[in-house]
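Work through these exercises with the model open beside you. Try each task before reading its solution.

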Amino acid sequence: MDALGAMQAAIRLMVTFDPQFLQIVGLSLRVTLTAVLVAAIIGLPLGAWLALARFPGRTALIVVINGLMGLPPVVAGLVVFLFLSRSGPLGPLGLLFTPTAMIIAQTILVLPIVIALTRGTLEELWQEYREHLTSLGLTGWRAVPTLLWDGRFALATGLLAGFGRASAEVGAVLIVGGNIANYTRTMTTTIALETSKGDLPLALGLGLVLMALTLAINAAGYAASRIGTRFAG
Amino acid sequence: MHGMPTILPLQVEGLTLHRDGKRLLDGVGFALPRGGVTALIGPNGAGKSLTLRLCHGLIQPDDGTIGWAIGSGRIAGRPRHAMVFQRPVMLRRSVRANLVHALRALDFDQPEHRAGAALARYGLADLAERPARLLSGGEQQRLAIARAWALEPELLMLDEPSAHLDPGATRQIEQIIAGLAAEGMTILMTTHDLGQVRRLANRVLFLHAGRLKEDAPAEQFLRAPASPEARAFLAGDLLW
């Protein structure tokens, strides 16, 4: 099939709401959004703690977390695989090759981004706000809600970056999800599989959705930082 | 106000502060009774801002005491002294939200209502929904004072309240400070503007190199300073 024909078939898949196509897109969004949500619930407080606490080894911890932002997805997938495989410590839970396993793997990919960005944003804000907040009795954990709210635009950008990283990766979900049809097949794993099989329309259609998603994320990130600049003055 | 519990007079004794082997404050002591405008003046690095920060409890002295007439300057758990910083700290929120945030932090009831009153009193009502950080320098300083005023302090400390302002905004801020003093609020402020001292203060604390060199009525200090350091300062000499 030539590229033009594949493109026409891909668009047909999209505009006719092909059930298989929608199922794949839906699963991808569900997995990635859940992973970002879980990473935010864990990462925002952890990042805030890291921004305000002072303890030996803090710098080393920050360096490690910054480094983990570049963790290769296949490595994250491998680690989760080892934990969830039948002989692994979490094997009895039977989570391997399920959407839950994919959520866990993507959470691990997104978490360092959320923690590092929260830490950086809140530490900077705290430098600026410290005397005023101390004057109001808002120190330690009592300062965190103020700092999170005032860092909202930067933090939103960070969550979007995390979403972008997770939605685009293929290695982690492929390893722990197993790319099982109608169950753990996401946009990226399907593209990899269908391309190698020669089914270009499905791969191309999903590629277009991924591209549109990336574009939307970047537009949202840009909007967040623009609005943030308005408030930051 | 009579008969109500008060945190004043403030009794400061022997304040000493070291940083990196340098003695920044050395035995500073003074009493601050209720009322009036007291100006802390002196050359850069004399320790004026540090003294304010110590009194407000933002930093702890290495030696010396800061004694309030009641408790630790708090009544019913709420500090009764407030501070306005040289560079106003503006939260990344609207003008109104800046006020509400401070009131909520100290558990005032009806924060929205009190914020509205502060906006009206300080001529900020039209700017209420604007992001605070987009205000002009003078407007930011007015908001900072309004925010401190809303917390109902007995003692308001201001660190160089007009250092970055143009003459028009400076005049506004001075009118506000004079008005607060006239209403009975006690003012302790640093400044390096001797004209401002003349216009506002009735008492001067002159600091030099971390020591309190003079404590005199403003008029007397400006006319006939007692110490050679103060004479040199007033004459505009650089002091080391």
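**Exercise 1: Chain A overall**

Chain A has 10 helices and 0 strands. Helices (H or I, at least four residues) and strands (E, at least two) are DSSP runs, numbered from the N terminus. This is a predicted model: local features need pLDDT of at least 70, side-chain atom pairs count only at pLDDT 80 or more, and totals for chains, interfaces and linings use all residues. Residues are numbered from 1 along each chain as its sequence is written, while chains are lettered from A and ligands numbered from 1 in the order in which they are written.

Task: describe the pattern, box and burial of chain A.

Solution.
- Step 1. Along the sequence, the pattern reads α-α-α-α-α-α-α-α-α-α.
- Step 2. Along the principal axes, the C-alpha atoms of chain A fill a box of roughly 70 × 50 × 25 Å.
- Step 3. Chain A has 233 residues, and 42% of them count as buried (20 or more other C-beta atoms within 10 Å of its own; exposed means 12 or fewer, partly exposed in between; C-beta atoms are placed from the backbone).
- Step 4. Take the contacts in chain A with a separation of 6 or more: 79% of them join residues 24 or more positions apart. Two residues are in contact if their C-beta atoms, placed from the backbone, lie within 7 Å.

**Exercise 2: A bent helix**

Task: where does α2(A) bend, and by how much?

Solution.
- Step 1. Helix α2 of chain A covers residues 19-52, which is 34 residues.
- Step 2. From first C-alpha to last, α2(A) reaches 49 Å, close to the 50 Å expected. The expected span is 1.5 Å times one less than the number of residues.
- Step 3. The bend is about 30 degrees at Gly43(A), taken as the angle between axes fitted to the seven residues ending there and the seven starting there.
- Step 4. Pro45(A), a proline, follows within four residues.

**Exercise 3: The sheet of chain B**

Task: give the strand order of the open sheet of 6 strands, and find its edge strands.

Solution.
- Step 1. The order is β7-β8-β9-β3-β10-β11 in chain B, with mixed pairing. Two strands pair if DSSP finds at least two bridges between them.
- Step 2. β7 (81-84) and β11 (211-217) of chain B are the edges, as each pairs on one side only.
- Step 3. From one strand to the next, the twist averages 15 degrees.
- Step 4. β7(B) runs parallel to β8 (residues 155-159) of chain B, joined by 4 bridges. Val84(B) has Leu158(B) as its bridge partner in β8(B).
- Step 5. Helix α1 (residues 48-56) of chain B lies across β3 (37-41), β7, β8, β9 (186-190) and β10 (203-208) of chain B. Helix α1 of chain B runs at about 150 degrees to β8(B). Axes are lines fitted to C-alpha atoms, for helices over the stretch in contact, and angles run from 0 to 180 degrees between N-to-C directions.

**Exercise 4: Backbone exceptions**

Most residues other than glycine have a negative phi, and most peptide bonds are trans.

Task: which residues does the cis peptide bond join, and is Asp107(B) buried or exposed?

Solution.
- Step 1. The cis bond joins Leu8(B) and Pro9(B), with omega about 5 degrees. Pro9(B) sits in the segment before β1 (10-19) of chain B.
- Step 2. Asp107(B) is not a glycine, yet its phi is positive, about 60 degrees. Asp107(B) is placed in the loop between α2 and α3 (111-121) of chain B.
- Step 3. Asp107(B) is exposed, because 11 other C-beta atoms lie within 10 Å.
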